[in-house]
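Hi everyone, thanks for making time this morning. I'd like to walk you through a structure, one piece after another. Let me put it on the screen.

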Amino acid sequence: MSRLVAPLLLTALLLLVWEVACRALDVPSYFLPPPSAVAISLKENLAVLIAAGWRTVSTAVIALVLASLIAQALALITALSPLLDRAIRPLASVVQVTPVIAIAPLVLIWAGLDHPQRALVTLAVLVAFFPIFSGAVSGLRSADPDLERLFSLYGASRWQKVLRLRLPSAVPFLLEGHKVGAGLALIGAVVAEFSAGSGGVRGLAWQILDSSNKLQTARMIAALVVLGAMGVALHALLEALERTGLKWWRGR
Amino acid sequence: MTVATLTDVEVDYARGRALGPVSLSIAPGETLALVGPSGCGKSTALRLLAGLEAPSRGVVTRAPGRGETAVVFQAPTLAPWLAARANVALPLELAGVDAAEARRRADAALGRVGLAGAEAARPVTLSGGMAMRVSLARALVTDPKLLLLDEPFAALDEITRRALADDVLDLWAATRPAIVFVTHNVEEAVYMASRVVVLSKGPGRIVGDFATSGAMPRPPHFRTEPGFRAAVEQVSAALAEGVAA
């Protein structure tokens, strides 16, 4: 119970201090609006913000699905061929260390300025790819070596080893990789919207940028609140999926 | 006729000689214990017999067929995502035995190790002793001619250990595979084996090869008989000599 009560109490206390300080010190609302003003703005713009949030989340979810397919396919290839493993892994690392914001202008040109949604998804895929790929690669190598010896002893083919030993052994790593990847896909979608800028896709990041241009600070914070709530919801969903998946995998 | 033979084998690892030269023949149906100090290469010898490793020099001959050689490791080594039955059926399924038949034989093997009723249990829900029995059932399901056990009871408590030792001997009595097992416990070696081979400190060479007397499987109170005590002392002396040499 205190797991829920303690953070809620602290949040309420911080909001109260914020509200009182804004009023007592007469802080201008374009600089820092009190929480009450944010709440009013949230209520007024709720429909717009949720629609924008939905666009951002759907970008992230499409990106997660694509990143998942590509990352697992590539990881499987590296597991089957040591040569391709040596070829692919350094390139995968390059994708990971390149900041998405630096690639964004290039991707926007390639996707075509008429298709900003494609560019956003591509950028979010680039961010979500690595944790899933590296999880899959480690997972495919995580099989118990003695179990691997048993498979050899019983004459298992390479395919049998992959399908019946290495893939099932990788499941916990895949679940973890997808959880991390989902969080990054959302961050990637927001960053991509920022760098796309133009407002071709009016997601949450665009709402934040637009509020900032108009100095509507309360609306900006309201958009952040929606973004935070969606992030928490996505994380909770994937954590629940991971827990259920592990339970199924382990049988307890 | 032998089930497996090591002829003048030596094994070198990057850090130096691990085993040998060693020559050893395993007769059908015999139970042989390999004892020796830590690092003498007894597990290496077992992996040679299993065909999981090749010698640096010398010749290993063994029954070539699938499932004719079975191994039980120190840990149960079960797939956590499979139920006990599926774990036991695995060697059969890898050999292409049809699923219903594999399942039937797996259930029978689980019955033989006293785990009837636990077919659907996942490894995580089993005790250490039960998991080890599943591992034994998986080794027995192919009716091997040679059963290799690598310190299979080392991680278990004394009571479970003794119960499993008797169970292994009962299972042996049913189909009489040759059994080679590695242990550093002299009493366990003398109790379970009709022949005890002692290796020196690494790189291991054979410094003793004793036949133990008495019926197999062991009668009750075998551990208190003078013959048992004498054999234990004899093997211990050879072991001490091998360590000092």
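Let's begin with the sheet in chain B: 6 strands form an open sheet, in the order β5-β6-β7-β3-β8-β9, and the pairing is mixed. A quick word on how to read this: it is a predicted model, where local features need pLDDT of at least 70, side-chain atom pairs count only at pLDDT 80 or more, and totals for chains, interfaces and linings use all residues. Residues are numbered from 1 along each chain as its sequence is written, and chains are lettered from A and ligands numbered from 1 in the order in which they are written.

Helices (H or I, at least four residues) and strands (E, at least two) are DSSP runs, numbered from the N terminus. Two strands pair if DSSP finds at least two bridges between them.

For angles, axes are lines fitted to C-alpha atoms, for helices over the stretch in contact, and angles run from 0 to 180 degrees between N-to-C directions.

Now look at β3 of chain B. Strand β3 (residues 31–35) pairs with strand β8 (residues 195–199) of chain B in the parallel sense, over 4 bridges. With strand β7 (residues 178–183) of chain B, β3(B) also pairs in the parallel sense, over 5 bridges.

Is β3(B) mostly covered or mostly uncovered? Mostly covered: 5 of its 5 residues are buried. Here a residue is buried if 20 or more other C-beta atoms lie within 10 Å of its own, exposed if 12 or fewer, and partly exposed in between, with C-beta atoms placed from the backbone. In a regular strand the side chains alternate between the two faces of the sheet. In β3(B), B:Thr31, B:Ala33 and B:Val35 are buried on one side, and B:Leu32 and B:Leu34 are buried on the other.

Next, the helix over the sheet. Helix α4 (residues 128–140) of chain B lies across β5 and β6 (146–150) of chain B, and runs at about 170 degrees to β5(B).

On to domains, whose bounds come from an automatic or database domain assignment. Chain B is divided into domain 1 (4–63 + 145–244) and domain 2 (78–144), and the C-alpha centres of these two lie 25 Å apart. Their contact takes 12 residues from domain 1 of chain B and 10 residues from domain 2 of chain B. Two residues are in contact if their C-beta atoms, placed from the backbone, lie within 7 Å. On the domain 1 side, the largest share, 5 residues, comes from α5(B).

What about the two chains together? 18 residues of chain B are in contact with 18 residues of chain A. On the chain B side, β5 (69–72) and α2 (84–94) each supply at least two residues. By class, that side has 12 nonpolar, 4 polar and 2 charged residues. Ala, Val, Leu, Ile, Met, Phe, Trp, Tyr, Cys and Pro count as nonpolar, Asp, Glu, Lys and Arg as charged, and the others, Gly among them, as polar.

Over in chain A, helix α9 (residues 217–250) has 34 residues that should span 50 Å, and its end C-alpha atoms are 49 Å apart, which agrees. The expected span is 1.5 Å times one less than the number of residues. Among the buried residues of α9(A) are A:Arg219, A:Met220 and A:Leu238. The cover over its buried residues includes α2 (35–80), α7 (158–196) and α8 (204–213) of chain A. After α9(A) comes A:Gly251, with a positive phi near 80 degrees.

Most residues other than glycine have a negative phi, and most peptide bonds are trans. A:Leu215, in the loop between α8 and α9 of chain A, has a positive phi near 60 degrees. B:Asp8 has a positive phi of about 50 degrees and lies in strand β1 (residues 4–13) of chain B. The peptide bond from B:Met216 to B:Pro217 is cis, with omega near -15 degrees. B:Pro217 sits in the loop between β9 and α7 (226–244) of chain B.
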